[in-house]
Amino acid sequence: MEQPKQSFFQRHPGFDAYSLFWLVLFLILAALGRFFLPLLIPAGVVLVYLLFRLLSKNQEKRQMENARFYALFRSIGRWKRGRKGIKTDKVYYYFKCPTCGQSMRVPRGLGKIEVTCKACSSRFEVRS
């Protein structure tokens with residue numbers, strides 16, 4: 001069975017976030033290469049790799065690279081926020097709803113209280 005001819009844009013994955021990263025890196029290296037000529041060599045290498053990615057027909061592999069790139073950025077974001085991810089305060093106690101993850105706060109020093117989440121209406125106890 002003969003497959004219908006695909007257009008150029010159907011055969012190539014196109015521009016994604018990972019390609020945008022390489023484009024920005026190329027532009028930075030090219031701009032700095034105007035002042036320091038040896039930086040034009042890595043800029044050329046980055047440009048060749050970017051063109052390879054854009055013209056590649058292996059969409060599955062390019063999508064996997066893009067997914068790994070997103071995963072790396074998510075892990076960097078989690079690392080920057082720290083382990084808790086919830087701010088501390090002397091007046092309020094901050095916590096998250098165990099059901100939906102909505103951030104909430106209660107005044108400190110009230111002891112064990114029952115809280116109702118405004119987002120999902122679940123009830124649970126917290127110690128302030």
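The chain contains four helices and four strands. In this predicted model, the order of elements from the N terminus is α-α-α-α-β-β-β-β. The chain has 128 residues, of which 22% are buried. Among contacts with a separation of 6 or more, 34% are formed by residues 24 or more positions apart.

The packing of helix H2 against helix H3 was examined next. Helix H2 spans residues 17-33 and helix H3 spans residues 40-55; their axes approach within 8 Å and cross at roughly 155°. H2 is therefore roughly antiparallel to H3, given that angles over 145 degrees fall in that class. The crossing of H2 past H3 is left-handed. On the H2 side, the contact is formed by Tyr-18, Ser-19, Trp-22, Leu-23, Leu-25, Phe-26, Leu-29, Ala-30 and Gly-33. These residues meet Leu-40, Pro-42, Ala-43, Val-46, Leu-47, Tyr-49, Leu-50, Arg-53 and Leu-54 of H3. Classified by residue type, the contact of H2 with H3 comprises 15 nonpolar residues, two polar residues and one charged residue.

Arg-53, which belongs to helix H3, is among the residues that meet H2. Its relative accessible area is 1%, so Arg-53 is classed as buried, the limit for this class being under 20%. The side chain of Arg-53 is joined to that of Glu-65 by a polar contact of 2.2 Å. A further polar contact, at 2.7 Å, links the side chains of Arg-53 and Asp-16.

Asp-16 is located in the loop between helix H1 (8-11) and H2. With a relative accessibility of 19%, Asp-16 also counts as buried, because the class extends to values under 20%. When neighbours within four places in sequence are set aside, the contacts of Asp-16 are with Arg-53, Arg-62 and Asn-66.

The C-alpha atoms of Leu-51 and Trp-22 lie 9.8 Å apart, at a sequence distance of 29 residues.

Two loop residues were considered in the strand region. Pro-98 occupies the loop between strand E1 (92-96) and strand E2 (103-107). This proline is exposed, at a relative accessible area of 63%, as values over 50% define that class. The C-alpha atom of Pro-98 is separated by 8.4 Å from that of Phe-124, a residue 26 positions away along the chain. Ser-121 lies in the loop between strand E3 (112-116) and strand E4 (123-127). Ser-121 counts as exposed at 54% relative accessibility. The phi angle of Ser-121 is near 65°, a positive value in a residue other than glycine.

Notes. Residues numbered from 1 in each chain as written. Predicted model: local features only at pLDDT ≥ 70, side-chain atom pairs only at ≥ 80, totals over all residues. Heavy atoms only, no water. Axes fitted to C-alpha atoms, helices over the stretch in contact; angles between N-to-C directions. Parallel < 35°, antiparallel > 145°, perpendicular 65-115°, else oblique. Left-handed = near helix turned anticlockwise from the far one by under 90°. Contact = heavy atoms within 4.5 Å. Nonpolar A, V, L, I, M, F, W, Y, C, P; charged D, E, K, R; others polar. Buried < 20%, exposed > 50% of the residue type's maximum accessible area, 1.4 Å probe, protein only. Polar contact = N/O pair within 3.5 Å; in protein donor to acceptor, adjacent residues only side chain to side chain.
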